[in-house]
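This briefing presents selected features of one protein structure. Please view the sequence and the structure below before reading on.

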Amino acid sequence: MKSEIRTGAEPRLQRRSGGKVVAGVCGGVADHLGVDVFRVRVVFVVLAALAGAGVLAYALLWFFCPSGDDTTHVEPRERRQAYGLIVIGVIALAANGMVATSAPAQSMLAILFVLGGAALVWREADVTGISSSHSRLITWTRLVFGALFVVGGLVLMVVSPDTPLAGMNPILVAVLVTVVGSVLLTVPVWMKMLRALNEERAARIRTDEREEIASHLHDSVLQTLALIQKQADRPDTVAKLARRQERELRQWLFGDNARPNESLAAAISVVAAEVEDTYGPEIETVTVGDVTVDELRDPARARDWGALVAAAREALVNAAKHSGADTIDVYCEVADGEVEVFVRDRGVGFDLDAVDPDRQGISRSIRARMERAGGTARVTSTPGRGTNVALTLPRTAEHTAADPAVDRPRPGNDQEIA
C-alpha cells in the first residue's frame with residue numbers, strides 16, 4: 001500500500017478582494033475549500049440564526065484573514081443573491097434573539113443598527129485600505145453613515161426604558177457606550193496598524209539575515225576565491241583551499257557551532273580539519289550522537305576524553321602521512337554505554353607483524369593511550385587494501401590512571417608509524 005506524501009505548505013486562507021460582496025469571507029472560504037460560494041453563504045445564514053454564531057464567525061474570519069489579490073468582480077446575479085441571503089440572515093437573527101431573550105423589538109433594532117453600522121465601517125475602511133472602486137466622496141459618506149448607525153444604535157439601547165442598561169448609573173453607561181462605539185469604529189485602524197507592524201518586523205528580520213549572509217560570504221567565500229585566483233598555478237593549494245571553504249560553509253549552514261570543549265563531535269571534527277589542512281588528504285567526518293557537556297567537564301573523565309581525541313588524531317596523522325590515500329573516513333558514534341571512533345583509509349596498508357619494535361606510533365600513541373583511559377584500540381590492515389583503526393571508550397569510568405603525565409603528547413609521535 002502506497003502512502004501519499006504532500007510536499008509544500010497548504011495554501012493560506014484569504015478573503016476575496018475584488019470579488020467580495022461584504023468582506024469576501026464567504027468567497028475566500030469557498031475558494032479555500034473548493035466548494036460553491038452559495039453553499040458557504042447559506043451555512044453562515046443558518047449559523048446566524050443560532051444565537052448569532054454565524055455573525056461572530058464571519059466577524060472573526062474578517063478580522064484575522066488577510067485579503068487576497070484577486071481582481072474579478074462579482075456578477076450582478078451573485079451579488080443580488082448574496083444580498084437576499086443577508087436579509088434572510090438578519091431577519092433570522094432578530095427573530096431568534098427576540099424569542100430566546102424575550103427582548104423588545106426596540107432593543108433588537110438597536111443591535112441590528114450597531115452590527116450593520118460596524119459592518120459598513122469595516123468594509124469601507126478595510127485593513128487593505130480604502131477601496132479604489134468607489135469615489136472618495138462615496139467612501140467617506142458610507143463611513144459617516146456607518147458611524148451614525150453605530151452611535152445611534154448604542155444611544156437607542158441606552159435610552160430604551162426596557163433594556164437592562166436603563167437602571168445603571170448614567171456615567172457608567174456613557175463610558176460603556178463610548179468604549180464599545182470606539183472599539184467597533186476603530187477595529188480596522190488597529191488591525192491595519194498591527195499588520196503593518198508585523199510586516200515591518202518581518203522585513204527587518206529578512207534584512208538582518210541578508211546582511212549576515214552577505215557579511216559571512218564576504219569574510220569567507222569571497223576571500224577564499226581571491227586566494228584561489230592568486231594560487232591558480234598550484235592545484236594542490238587550490239584544492240586545499242576549496243575543501244577548507246567547503247567545510248567551513250557546511251558547518252556554518254548545517255552545524256551547531258559547538259565548541260570542542262563542550263562537544264566530543266566538535267572536537268573530532270576540529271582534529272580532522274587540522275589534519276586535513278596540515279597533511280593534505282581529504283577527510284570525511286561523520287558523527288552520530290554526542291556526549292553531554294557534564295561528561296566532558298567531569299574531572300575524573302576529562303583525561304579519558306582527551307585520550308580518545310588524541311588517539312583519533314594520531315590515527316588520522318598516520319593515515320594522512322603514510323597511507324597514500326586521497327580520502328580518509330572518520331566515523332564517530334556515541335551509544336548509551338560507549339563511544340566508538342573509526343578511522344579508515346583505502347591506501348597501501350601494511351603488515352602488522354612486520355612492524356619494527358621501535359616504531360611506537362600504534363603501540364604507545366594509540367593502544368597504550370586508550371588502555372590507560374579504560375578503552376580499547378583495534379587496528380586491522382591489509383597490504384594494498386588499506387587500514388582501519390577502531391577506538392572504543394566506555395562512557396563510565398572503569399579504571400584509575402597510573403600516571404597523569406603519560407597522556408601528554410610526546411615529541412616525535414607524529415612522525416611514528418605502525
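A nonpolar surface patch of about 330 Å² is formed by Val43, Val46, Leu47 and Leu50. The model is predicted: local features need pLDDT of at least 70 and side-chain atom pairs pLDDT 80 or more, while totals for chains, interfaces and linings use all residues. Residues are numbered from 1 along each chain as its sequence is written, and side-chain values use heavy atoms, without hydrogens and water.

**Surface patch**
- Valine 43 belongs to helix H2 (residues 37-48); helices are DSSP runs of H or I with at least four residues, and strands are E runs of at least two.
- Valine 43 is partly exposed, at a relative accessible area of 47%; buried means under 20%, exposed over 50%, and partly exposed in between.

**Strands S4 and S5**
- S4 and strand S5 (residues 386-394) run antiparallel and are joined by seven bridges; strands pair if DSSP finds at least two bridges between them.
- Threonine 382 has glycine 386 in S5 as its bridge partner.
- Three residues lie between the strands of this hairpin, where glycine 384 takes a positive phi near 85°.

Notes
Patch = residues over 30% accessible without salt bridge, like charges linked within 9 Å, V, L, I, M, F, W, Y side chains within 5 Å. Areas by Shrake-Rupley, 256 points an atom, 1.4 Å probe, with all protein chains shown as cover. Salt bridge = Lys/Arg side-chain N within 4 Å of Asp/Glu carboxyl O. Buried < 20%, exposed > 50% of the residue type's maximum accessible area, 1.4 Å probe, protein only.
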